[in-house]
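Dear colleague,

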Amino acid sequence: MPTASRPTVAPAHTHGQAPFTAVLLCNLGTPEAPTAAAVRPYLAEFLADPRVVEIPRVLWLPILYGLILPLRSAKSAAKYATIWMPEGSPLKVWTERQAKRLQGWLGEQGHRVRVAYAMRYGQPSIATQLDALADAGANRILVLTAYPQYSGTTVASVIDAVSQWTRTRRHVPELRFVNRYHDDRGYIQALAHGVQRHWREHGRPDHLVMSFHGVPERTLHLGDPYHCECRKTARLLAETVGLEPGGYTVSFQSRFGKAKWLEPATEPTLKALARDGKRRVDVLCPGFTSDCLETLEEIAIEGRQAFLAAGGQEFHYIPCLNDQTEWIHALGAIALNHLAGWPTQSGPDARELATQKERAVALGAAR
Ligand SMILES: C=CC1=C(C)c2cc3[nH]c(cc4nc(cc5[nH]c(cc1n2)c(C)c5CCC(=O)O)C(CCC(=O)O)=C4C)c(C)c3C=C
Ligand SMILES: [Fe+2]
Ligand SMILES: [Fe+2]
């Protein structure tokens with residue numbers, strides 16, 4: 001019989017890895033390539049989500065597969081081709097950089113948190129990334145979406161995907177969700193910083209348009225807070241950069257389908273401003289934290305053409321937050337606020353370590 005030595009059996013739930021806390025940054029998703037073949041499965045997954053198109057499945061799916069996908073995939077791919085970056089789709093490139101820089105910044109601050117990113121539609125999927133984190137030992141996961149304003153069509157859909165994933169796991173990690181940050185100080189300040197930097201370099205416009213992604217107007221009457229949260233973001237940003245209510249307009253872009261969407265729509269707004277004699281208009285898309293098809297193609301290309309064709313003289317598109325330092329710090333602060341009171345199991349929480357030395361020891365131990 002072997003002599004009794006001290007058992008060194010690892011806790012079964014982590015298979016030997018030290019448990020850790022993770023942040024999963026979730027964005028919408030984007031095709032893998034600017035081709036009809038790659039756009040089609042992405043659009044199919046997106047538009048078949050009952051959170052996105054609230055039409056009974058039996059009516060909608062035949063329209064989606066019979067009409068929308070065959071007609072839209074190639075048209076949409078051609079648009080993606082105009083904005084594609086050497087590294088890939090802008091939405092994915094920026095989301096990946098945000099996750100990397102967020103991880104780096106949290107580490108510099110002494111927080112032992114792993115940051116990963118996932119896409120609600122397409123790859124890397126929420127389930128794939130949650131599996132990877134949980135398999136590596138994540139026992140607490142904060143789900144942070146790329147959407148500052150809550151909408152059932154976006155944030156709730158991410159929560160649905162996470163809930164679907166929990167059904168596939170025996171040992172489900174603790175989960176938290178950030179549902180919104182439309183009025184977060186850091187978010188507003190980061191937006192204001194981008195606007196003011198643009199104005200320092202190019203002067204101020206005659207008018208600022210803040211264009212948000214639209215949703216069907218019906219969702220507002222059904223209680224979706226999205227519209228109100230967009231208006232509040234815009235008001236706080238206007239106050240921060242010193243714009244009077246007459247100096248800016250909130251509009252909604254990307255209408256899809258025949259139903260009535262939130263108004264005013266962005267393109268008619270730009271044309272009306274040109275006809276009203278506004279020489280120069282600047283456009284910002286505060287609801288998008290990363291530049292993507294909807295900002296770079298629909299606004300910076302098509303919006304510009306519409307404004308100039310209607311008699312406008314100068315059109316400036318102000319880029320999204322992307323990986324700007326102010327935004328990474330704000331995102332970090334949002335994450336830390338939601339992680340508060342959620343200590344790691346493997347020792348004292350780095351945030352509560354009193355000295356630099358203790359922090360260094362804890363960080364060393366975590367590697
Ligand atoms: C069908 C209805 C749609 C709703 C409702 C909707 C809400 C919504 N979307 C975003 C953010 C993004 N949408 C993007 C693209 C996009 N959106 C729709 C439709 C709805 N969106 C479509 C059909 C498309 C594809 C564009 C095309 O094929 O022409 C994107 C960009 C993705 C990219 O790859 O760059 C983003 C981001 C929000 C925030 C939102 C509700 C608040
Ligand atoms: Fe959309
Ligand atoms: Fe669009």
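The model is a predicted one. I begin with a sheet of four strands, which is open and runs in the order E2-E1-E3-E4 with parallel pairing. Strand E2 (113–119) and strand E4 (174–178) are its edges; each has a single partner strand, so one side of each has no neighbour in the sheet. From one strand to the next, the twist averages 20°.

Within this sheet, strand E3 (residues 138–145) pairs with E4 in the parallel sense, and five bridges join them. For leucine 144, the bridge partner in E4 is valine 178. Helix H5 lies across strand E1 (20–27), E3 and E4, and its direction is at about 155° to that of E3.

Helix H5 (residues 155–166) also meets helix H4 (residues 126–136): their axes come within 9 Å and cross at roughly 50°. This angle makes H4 oblique to H5. The crossing in which H4 passes H5 is right-handed. On the H4 side, the contact is made by Ile126, Ala127 and Leu130, and on the H5 side by Val158, Ala161, Val162 and Trp165. Sorted by class, this contact of H4 with H5 consists of seven nonpolar residues, with no polar and no charged ones.

The loop between E2 and H4 holds proline 124. A cis peptide bond joins glutamine 123 to this proline 124, with omega at about -5°.

I turn next to the division of the chain. Domain 1 comprises 20–30 + 89–180 + 325–366, and domain 2 comprises 185–318. Their C-alpha centres are 29 Å apart. Where the two domains meet, 20 residues of domain 1 are in contact with 19 residues of domain 2. On the domain 1 side, the elements that give two or more residues are helix H3 (90–108) and helix H11 (325–339). Of these, H11 gives the most, with six residues. By class, the domain 1 side that touches domain 2 has ten nonpolar, eight polar and two charged residues.

Helix H11 has a further packing partner in helix H6 (residues 185–202): the two pack at an angle of about 175°, and their axes are 8 Å apart. That angle makes H6 roughly antiparallel to H11. H6 contributes Gly186, Tyr187, Gln189, Ala190 and His193 to the contact, while H11 contributes Glu326, Trp327, His329, Ala330, Ala333 and Ile334. In the contact of H6 with H11, six residues are nonpolar, four are polar and one is charged.

There is also an open sheet of four strands in the order E6-E5-E7-E8, again with parallel pairing. Which strands stand at its edges? They are E6 and strand E8 (314–318); each has a single partner strand, so one side of each is left without a neighbour in the sheet. The twist from one strand to the next averages 25°.

Strand E7 (residues 280–284) is paired with E8 in the parallel sense over five bridges. Tyrosine 317 in E8 is the bridge partner of valine 283. H6 packs on this sheet and touches E7 and E8, its direction making about 145° with that of E8. Helix H10 (residues 293–309) packs on the sheet as well, touching strand E5 (207–213), E6, E7 and E8; the direction of H10 makes about 170° with that of E8.

Two local features belong to the loop between strand E6 (248–253) and helix H9 (266–275). Proline 264 is found in this loop, and a cis peptide bond joins glutamate 263 to proline 264, with omega at about 0°. Serine 254 also has its place in the loop between E6 and H9. The phi of serine 254 is near 65°, a positive value in a residue other than glycine.

H5 may then be followed across E1, E3 and E4, and H6 where it touches E7 and E8.

Yours sincerely

Methods. Residues are numbered from 1 along each chain as its sequence is written. Chains are lettered from A and ligands numbered from 1 in the order in which they are written. This is a predicted model: local features need pLDDT of at least 70, side-chain atom pairs count only at pLDDT 80 or more; totals for chains, interfaces and linings use all residues. Axes are lines fitted to C-alpha atoms, for helices over the stretch in contact, and angles run from 0 to 180 degrees between N-to-C directions. Angles under 35 degrees count as roughly parallel, over 145 as roughly antiparallel, 65 to 115 as roughly perpendicular and the rest as oblique. A crossing is left-handed if the near helix is turned anticlockwise from the far one by less than a right angle, and right-handed if clockwise. Two residues are in contact if their C-beta atoms, placed from the backbone, lie within 7 Å. Ala, Val, Leu, Ile, Met, Phe, Trp, Tyr, Cys and Pro count as nonpolar, Asp, Glu, Lys and Arg as charged, and the others, Gly among them, as polar. Domain bounds come from an automatic or database domain assignment. Two strands pair if DSSP finds at least two bridges between them.
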